[in-house]
Amino acid sequence: MLQINPPLNELVSLAKKGLHELFGVEATHLAAAPGRVNLIGEHIDYCDGFVLPFAIERYLVIAARPNDTMTARVASSLGGEPVELDLTQLQEPAEPKWVNYLRGVIRGFQDRGYEIKGFDALIVSSIPGGAGLSSSAALECAMATLLEGILGVSLELKEKALLCQKAEHNFAFVPCGIMDQFASTFGKEDHLVMIDCQSGEPQWVPFMNRDLTVLISNTMVHHELSDGGYALRRKHTEQALSALGKASWRDVSEQDVLTMWDQLGDPVNRRARHVVGEIARTMAAAKVLEQGDFQALGPLMAASHDSLRDDFEVSCAELDAMVNIARSIGNEGGVIGARMTGGGFGGSTVTLCEASAASVIAKKLASEYLLQTGITAQIFASRPARGAHLLEWEK
Ligand code: ADP
Ligand code: MG
């Protein structure tokens, strides 16, 4: 079944109402930041590659009001008691863990010399957590945007994204790349955010054809392997690059990998083949998008998934099942391409398809997936959406 994306104004109403119920105050500041998916370019953000994500029509909203103290009181509609933060003592990460994303962002502003005074805040979100859709980046980017609103300043988008990334590194201890915060910050309707991970520069790539949409299917699984598996893949790519004797993956050709195939040894040689192939596929994807040749994305997405499954070995049975079902629906059924998205070992898939066929395709994906795995997937459609922004602003 195709889930409906709750309209942003519905989330805003819930956040305002919740703030009032919890703290007895009316919101003066409202900020929203979206989650993201990556259309193509997987596991190459740490290899000087390109990624092609977009902000999705799923948002995290914060409603807040300054409270004339030096304490922030924050709560999430996910539950738990409101948490009090002494804004003069934000040196270290602490419990509860979810508040660390906020601590890190506030610290980022303080480190830039801004004085942050107390506020009451409530968070409401429609981004499924832990599904590879970057609810954590949305939490950081919404908080940073809220603080901009309260302070009456506006950071450069890139600076804001980097501040949020640093919060995730230093306060949540997740050594993430730049994709998540860049996508949530730079997101723009009808555009993908292509990020050159070598230069750290984002660029908008038009995705104008409104006859198309992307189905995001949360497999609802998250395999334990993921943390160690991620670190090991990074290690393999570093080993390969040094054995290839190159400074950057941008300087490595497929032929270089094949020439060194035996010396690299298995699985490092296959990891290297994935990186080189995926960089080429992502560049090709940006090019066909510029030409408006959406059909050409299908084979690129298919090759990306196969490479992640066979060479990089970060897929899993559930992701493969979802992608295979989409493939079996095929072009005749309105599917253009499908692949796993995100780090892998679970999480979500993306299926590029005709918008008019989306609900029929979603129904088929859900029912076949349930039949094959016994799991009820969560499926929704999204076109590229607007990045983090303030909704209302009263000084
Ligand atoms: P992902 O970013 O892929 O969704 P992560 O594990 O990186 O997964 O981030 C999920 C974490 O972000 C949650 O465990 C929680 O700490 C925090 N988070 C996300 N959404 C919310 C929310 N609505 N309220 C409170 N915390 C949230
Ligand atoms: Mg995250």
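This is a predicted model: local features need pLDDT of at least 70, side-chain atom pairs count only at pLDDT 80 or more; totals for chains, interfaces and linings use all residues.
## Nonpolar cores

The largest nonpolar core comprises 106 residues, and the members that touch the most others are Val105, Ile106, Phe119, Met143, Leu215, Trp249 and Leu365. Helix 9 supplies the largest share of this core, with 9 residues. Apart from it lies another core, made up of 16 residues, including Ala15, Phe23, Leu30 and Ala32.

Leu215 shows how one of these residues is surrounded: once its neighbours within four places in sequence are set aside, Leu215 is in contact with residues that include Leu2, Thr349, Val350, Thr351 and Cys353.

## Salt bridges

The structure contains 22 salt bridges. In one of them Arg250 is joined to Asp196, with the closest N and O atoms 2.6 Å apart. This pair links distant parts of the chain, since Arg250 belongs to the loop between helix 6 (226-244) and helix 7 (254-259), whereas Asp196 belongs to strand 8 (residues 191-196), 54 residues apart. Arg250 is partly exposed at a relative accessible area of 27%, while Asp196, at 17%, is buried.

A salt bridge also forms between Arg271 and Glu313, where the closest N and O atoms are 3.0 Å apart. Here too the pair links distant parts of the chain, with Arg271 in helix 9 and Glu313 in the loop between helix 10 and helix 11, 42 residues apart. Arg271 is buried, with a relative accessible area of 4%, whereas Glu313 counts as partly exposed at 33%.

Glu278 and Arg281 meet through their side chains in a salt bridge of 2.9 Å, N to O, and both residues lie in helix 9, 3 residues apart, which is about one turn of the helix. Glu278 is buried, with a relative accessible area of 0%, and Arg281 is buried as well, at 13%. The two residues belong to a network of salt bridges that also links Glu42 and Arg339.

## Aromatic rings and charges

The structure holds 5 aromatic pairs. One of them, formed by Phe207 and Phe294, is edge-to-face, with 5.4 Å from centre to centre and 90° between the planes. The pair links distant parts of the chain: Phe207 is in the loop between strand 9 (201-206) and strand 10 (212-222), and Phe294 is in the loop between helix 9 (268-290) and helix 10 (297-310), 87 residues apart. Both Phe207 and Phe294 are buried.

Phe182, Phe186 and Trp204 form one aromatic cluster, and Lys188 lies over the face of Trp204, at 4.1 Å from the ring centre. Arg58 lies over the face of Phe380, at 4.1 Å from the ring centre.

Asp320, in helix 11 (residues 317-329), is buried yet has no salt bridge, and the nearest side chain of opposite charge is that of Arg309, 4.9 Å away. Leaving aside neighbours within four places in sequence, Asp320 is in contact with His305, Arg309 and Ser315.

Gly343 is found in the loop between strand 11 (335-341) and strand 12 (346-354), and with a relative accessible area of 41% Gly343 is partly exposed. The C-alpha atoms of Gly343 and Glu42 are separated by 7.3 Å, although the two residues are 301 residues apart along the chain. Beyond its neighbours within four places in sequence, Gly343 is in contact with His43 and Val314.

Definitions and conventions. Residues are numbered from 1 along each chain as its sequence is written. Chains are lettered from A and ligands numbered from 1 in the order in which they are written. Side-chain values use heavy atoms; hydrogens and water are left out. Rings of Phe, Tyr and Trp (its six-membered ring) pair if their centres lie within 6.5 Å; planes under 30 degrees apart count as stacked, over 60 as edge-to-face and the rest as tilted. Helices (H or I, at least four residues) and strands (E, at least two) are DSSP runs, numbered from the N terminus. Buried means under 20% relative accessible area, exposed over 50%, partly exposed in between (1.4 Å probe, protein chains only). A charge sits over a ring if NZ of Lys or CZ of Arg is within 6 Å of the ring centre and within 35 degrees of the ring normal. Lys and Arg count as positive and Asp and Glu as negative; His and the chain ends are not counted. A salt bridge is a side-chain nitrogen of Lys or Arg within 4 Å of a carboxyl oxygen of Asp or Glu. Contact means heavy atoms within 4.5 Å. A nonpolar core is a set of buried Ala, Val, Leu, Ile, Met, Phe, Trp, Tyr and Cys residues joined through side-chain atoms within 4.5 Å.
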